[in-house]
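The exercises below are to be worked with the sequence and the model open side by side. Try each task before reading its solution.

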Amino acid sequence: MAGRGPARKGSFLYRDPGWEGKVRADRATIRSSIDPMTTRRLLLLVLFLILLSCRGKDAPAPKAAKPLTGAAKGWNVILLTVDTLRADRLGAYGYKARPNSPNVDSQLASGVTFDNAMSQRASTWPSLASVLTGLYPSGHGVNENGYGFPDDLPTLPKLLHAAGYQTGAFLSNMCQANHQGWDAFACSGGQDGKDIRRALEWAHGVDPHRPFLLWVHLFGAHPPYYNGGDGAEKMDPGYQGPLGPRKKLLDPVMTKPIALDARDVQHLDALYDAAVQGSDRISGALLQGLKDAGRLDRTVILFAADHGEELYQHNRYLYHSCSVYQTTLHVPLGLSAPGLIPAGARVPQIVELIDLLPTLLDLLGVAKPAEQHGKSLISYLEQPDGRRRSLPAFSEYGSSTIHTVLQDNWKLVHNPDGISPVCIPDAPPNHYPIAKEELYDLSRDPGEKENLAAREPARVAELSGLIQRRFAGLRNRVRQQKVPEKLQEELKSLGYVAH
Ligand SMILES: [Zn+2]
């Protein structure tokens, strides 16, 4: 949530003005314009309306919630994940500067949209592994790009395959992560057009008498933003500065480093938005192709991003893997199941990407693995409103001791060992400084610019205690894996520091 676009209900920026103010104003109007003989009767009426208003706030929802556990038994599942897609650059999340996302907005509007979904790490492999396992990165062990799933770990494809599903994965990133459980698997390494052609071909050929799980991961708006084509030139013509949709034009901002001025940042925004628009068109083509093939009947569609992008908003950093901020941790998330889940509903509570797996398995009536770090969101789907308090959300940072926690509007970045990460190859030392404690009040400071840790020691202690308690006792599979040299080179070409 970087503060772009208007505040909307469900976001941390939204504050309901409350019924009290409205009633006070109405009462003043009544007093000034009505005959005093009738004032007493009118005041009684107003009192009654106030009581009714109070009751309305606390009374149960008028309609009984439809039980959803097992309601999608035997349905198909489509998991569409888009790399590096910031929630706040989508129309569905209030972005108005450009029409970035008509197709994604429409998909999100067809089901429930989660306003405050949090990634568990702003890095592709760890984050996507959390989606597929329902575990924090320390729990699944894919804690860096280049690491593979442990052989014995239950994952979404393995679980659904065992439940009789046909399984196909068509990915643009995270190619060599020891993926298991897929009948069909192909990874294009950044060619989204190829991925959707392969996905549609596979979907055409599935046995219509058995359900399928299709996972498509698009390269999306990942740097160097080439899915935007020449869109940025059209959106922001006449730019003469150093930036462009090529790695050799973006990396020097961090490696040399080169300071960007407001005009450069304007062009950076255009480069990114163009890539978001390109991703939206590709997502739309995939969904339309599946619809035309008759593959969207009795189908649950999950839409998510693995993380967002910094875009020079902290530490003069453009990319994502190093970021501990909402620019990269706040992600779009939606779930649709026509006829089961209400269209157009919003869930304002904070949720985590690790919640997707238990939620989906509950919907499908498939047993969950014993080890789960996420929680089922079924109750939010049955009754999407803001009545219940959010649970906190956490992120981890590789095998380091850095964590973040978000509880209500308070965000703590906890770096007890004062680690200063290296975010891209050849960057100068300490180019991404993270303080030992950074505390932000997102309701007042959504851009996370004013560190309140020194002023609020009790809150820091409370939130760091939450981190300690959350991870105490969880099985930790973090380990250093040997990443083959060829893969190290591939990761480096994406701007990642290979381990
Ligand atoms: Zn990614």
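## Overview

The chain of this predicted model has 16 helices and 13 strands. Of its 499 residues, 48% count as buried. Among contacts between residues at least 6 apart in sequence, 69% join residues at least 24 apart.

## Exercise 1: two helices against α11

Solution. 
- Step 1. For α7 (residues 192-205) and α11, the packing angle is about 10 degrees and the axes are 10 Å apart.
- Step 2. On the α7 side the contact uses Asp192, Gly193, Ile196, Ala199, Leu200 and Ala203, and on the α11 side Ile282, Ala285, Leu286, Gly289 and Leu290.
- Step 3. Sorted by class, the contact of α7 with α11 has 8 nonpolar, 2 polar and 1 charged residues.
- Step 4. For α3 (residues 102-109) and α11, the angle is about 50 degrees, and the axes are 7 Å apart.
- Step 5. The contact of α3 with α11 divides into 3 nonpolar, 4 polar and 2 charged residues.

## Exercise 2: a tyrosine in α11

Is Tyr272 buried or exposed? List its contacts, leaving out residues up to four places away in sequence.

Solution. 
- Step 1. Tyr272 lies in α11.
- Step 2. Tyr272 has 25 C-beta neighbours inside 10 Å. The cut-off for a buried residue is 20 or more, so Tyr272 counts as buried.
- Step 3. With residues up to four places away left out, Tyr272 touches Ala221, Tyr225, Glu309 and Leu311.
- Step 4. Asn227 is 45 residues from Tyr272 along the chain, and their C-alpha atoms are separated by 9.2 Å.

## Exercise 3: the sheet of β10 to β13

Give the strand order of this sheet, then state which strands stand at its edges.

Solution. 
- Step 1. The sheet is open, has 4 strands in the order β10-β11-β12-β13, and is paired in the antiparallel sense.
- Step 2. β10 (393-396) and β13 (437-441) each have a single partner strand, so they are the edges, and one side of each has no neighbour in the sheet.
- Step 3. From one strand to the next the twist averages 10 degrees.
- Step 4. β10 and β11 (residues 403-407) are antiparallel over 4 bridges. Ser395 stands opposite Thr404 of β11.
- Step 5. Helix α15 (residues 457-471) packs on the sheet and touches β10, β11, β12 (410-414) and β13. The direction of α15 makes about 70 degrees with that of β12.

## Exercise 4: strand β8

Work out which residues of β8 point the same way, and how many bridges join β8 to β2 and to β6.

Solution. 
- Step 1. In β8 (residues 333-336), Leu333 and Leu335 point one way, while Gly334 and Ser336 point the other way; all are buried.
- Step 2. β2 (residues 112-118) runs antiparallel to β8, with 2 bridges joining them. Thr113 has Gly334 as its bridge partner in β8.
- Step 3. β6 (residues 299-305) is also antiparallel to β8, through 4 bridges. Ile301 has Ser336 as its bridge partner in β8.

## Exercise 5: helix α13

Find how many residues of α13 are buried, and name elements that cover them.

Solution. 
- Step 1. Of the 9 residues of α13 (residues 356-364), 8 are buried, and the helix is mostly covered.
- Step 2. The buried residues are Leu356, Leu357, Thr359, Leu360, Leu361, Asp362, Leu363 and Leu364.
- Step 3. Their cover includes β1 (76-82), α4 (124-133), α6 (156-162), β6 and α14 (378-382).
- Step 4. Gly365 follows α13 and has a positive phi, near 70 degrees.

Conventions. Residues numbered from 1 in each chain as written. Predicted model: local features only at pLDDT ≥ 70, side-chain atom pairs only at ≥ 80, totals over all residues. Axes fitted to C-alpha atoms, helices over the stretch in contact; angles between N-to-C directions. Nonpolar A, V, L, I, M, F, W, Y, C, P; charged D, E, K, R; others polar. Pairing = 2+ DSSP bridges. Contact = placed C-beta atoms within 7 Å. Buried ≥ 20, exposed ≤ 12 C-beta atoms within 10 Å, placed from the backbone.
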